[in-house]
Amino acid sequence: MSNNKIILEGCIKIFKESNEIELNESEVFELFSLSQIHKDKNITFENIVDSIVDGGNDGGIDSIMVFIDDEFIESIDDVEQYTFSNKTNTKFIITQCKKENSFKENPIDKLITTIPILLDLEKNETALLSRFNSDVIARTLILIEAWKKTAISGGSITLEYIYVANAVEVQVNQVFKQKVDQLIDITKKVLSIKEIQFATFSSKELLELYQKQKSNRLSIEFKDRPLTTEFNNNGIGYIGTVKLANYKEFLKSDCGEIRDDLFESNIRHFQGLVDVNKKIKNTVENTTEEDFWWLNNGITIIAEEPKEVGKKLSIENIQIVNGLQTSYSIFNNHDGDENDNRSVLVKVIINNNKETTDNIIASTNSQNPVSPTLLRATEPIQRNLELFFQNEGYYYDRRKNYYKNQGKPATKIFSIQATAQSIESIIFDNPHSARSNPTTLIKNEINYKRIFDENKNFKAYLNSCLINSKTHNFWLKHNDISIKSKTSNFKLHLCCILVKTYFKKRNVNFDELTTLNLNLLDQNIFDESIIFLNSNVESFLKENEGTNLINIAKSKDFTEYLFTKIAEKYSN
């Protein structure tokens, strides 16, 4: 075994232990690889897990990811609520991850066969389900919907194939290369797009990615020494102007792209060439007698641990909370000429108080026409839930990737949306709705207030998340491939059944959920639950012609059918 592979095995072991993952070697290798390859993207561990579609009848595909303007798309609900334009950038990533010692042609052969069938718009869900598992179809339906809407709006579409192997290094023969070319040609014909890439990763590349950590400390050089101001004992502020070239350099990652992680606390992503950004672009590109900062509101940064040396300010845990559109416009359109003396106004607020940070984020964005739902993370109940989870040894990720960036165990981090889905499924008996409309749970005011109720015992919120997580882990380890394939779209339904099996009754209320002993949710209860679910999925399909695994998972009729059967089971 090579040194690279030996070291990588150690890295994977640390990854598994630090994230408290209980899966087999192949599954851990897959999670590790996807986490390293997408390290610089603004995605969560939950997103990576959701993207995985491998198992029986996967068509040679292990993961499918859809990004619209760099945002990970979790569901068709996300796609439907997105505003598409000719500036929309959509990217699809299809990954094969094999813990094998070499790159083989067989995985490419499978894709060559799979892609023309999977992306055939004339085939319906039922036809596809006869060949592929329901996870593959569910993720593909998201891809197809994003593909159609982007194409109709005139936006740009790219697709990237990724092949990961546990080889010492990337070594492929000429036949392999020819088959890759064949796959790309077939994909171009099917999708009618030109931008298609194929990337390979061996243990050498994975180790390089693992060693390349995100830098939490950056330096920004002001034009003149920044003005320093304090407010009682609550924080320090730095105010000054930064030359456009220097600000662009501050935003640049090691690979020359914009550091998207700096904007994770911003409430919206880059909006493309809308009217405001067109004006900023023109101002950046055309030098006049007016300084840039005279015409622009500037940038607001929240950070920690400042070290000032002359005109340079070194800071940690940086978040640009206002000025994203300006930042992207400067990065995309300035030529980097250091002789350009124009500058942008930059405010740096040194503060690690979460409530103060939330208030700054809300206030600095209040002038924008943004839906209040995008500021959920700053609401009191969300802060209180975060504190409760933390006191219990878990992490409520109300601000995306906050705890991931701090290196907390991935399996102990729960997002707002995942929590909402768990509550909607387990407490309100709506797993079909939680699965099909996850975004609506947060954005719709009535749904949001029903789910997130300050008067409810927060222990039930945490227990719901832990039940969901435990159910998923049981499901992953289940040995019957046929049952796993049939129930993969019903994991939220399975959570409900598990709870009702534990209490041995149809209706379980909020207070009862707080008393549930998670240690007693054992393998026996899971086995009983998944057999019950599988049996009723099969019987419902037989009794309702024209239905399939995808649409009944979203169906209220099936949920009611399922819970009626549970009521009958425990009627005595």
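Modeller: Let us start with helix 24, whose 21 residues reach 30 Å from the first C-alpha to the last, close to the 30 Å expected at 1.5 Å a residue. Please keep in mind that this is a predicted model.

Biologist: Which residues of helix 24 are buried, and what do they pack against?

Modeller: The buried residues of helix 24 are I525, F526, S529, I530, F532, L533, N534, N536, V537 and F540. They pack against helix 20, helix 21 (481-487), helix 22 (491-503), helix 25 (549-553) and helix 26 (556-569).

Biologist: Why is F526 called buried?

Modeller: Buried means under 20% relative accessible area, and F526 has 0%, so F526 counts as buried.

Biologist: How many aromatic pairs are there in the whole structure, and what makes F15 and F32 an edge-to-face pair?

Modeller: A search of the whole structure finds 24 aromatic pairs. In the case of F15 and F32, the ring centres are 5.4 Å apart and the planes stand at 80 degrees; since rings pair within 6.5 Å and planes over 60 degrees apart count as edge-to-face, the pair of F15 and F32 is edge-to-face. F15 lies in helix 1 (residues 3-18) and F32 in helix 2 (residues 25-37), so the pair ties together parts that are 17 residues apart in sequence. Both F15 and F32 are buried.

Biologist: Where is H478 found, and how do you know whether H478 is buried or exposed?

Modeller: H478 is found in the loop between helix 20 and helix 21. Its relative accessibility is 17%, so H478 counts as buried, the cut-off being under 20%. Leaving aside neighbours within four places in sequence, H478 is in contact with I483, K484, F526, D527 and I530.

Biologist: What makes you say that the charged end of K491 sits over the ring of W475?

Modeller: The charged end of K491 is 4.2 Å from the centre of the ring of W475 and sits over that ring; the rule asks for a distance within 6 Å and a direction within 35 degrees of the ring normal. The charged end of K412 likewise sits over the ring of Y394, 5.5 Å from its centre.

Biologist: Why is N57 called exposed, whereas N317 is called partly exposed?

Modeller: Exposed means over 50% relative accessible area, and partly exposed is the range between that and buried. N57 has 51% and is therefore exposed, while N317 has 35% and is therefore partly exposed. N57 lies in the loop between helix 3 (45-51) and strand 1 (63-68), and N317 is found in strand 10 (residues 312-322). Neither is a glycine, yet phi is positive in N57, at about 55 degrees, and in N317, near 50 degrees.

Notes: Residues numbered from 1 in each chain as written. Predicted model: local features only at pLDDT ≥ 70, side-chain atom pairs only at ≥ 80, totals over all residues. Heavy atoms only, no water. Phe/Tyr/Trp six-rings, centres within 6.5 Å; stacked < 30°, edge-to-face > 60°. Helix = DSSP H or I, 4+ residues; strand = E, 2+ residues; numbered from the N terminus. Buried < 20%, exposed > 50% of the residue type's maximum accessible area, 1.4 Å probe, protein only. Expected span 1.5 Å × (residues − 1). Contact = heavy atoms within 4.5 Å.
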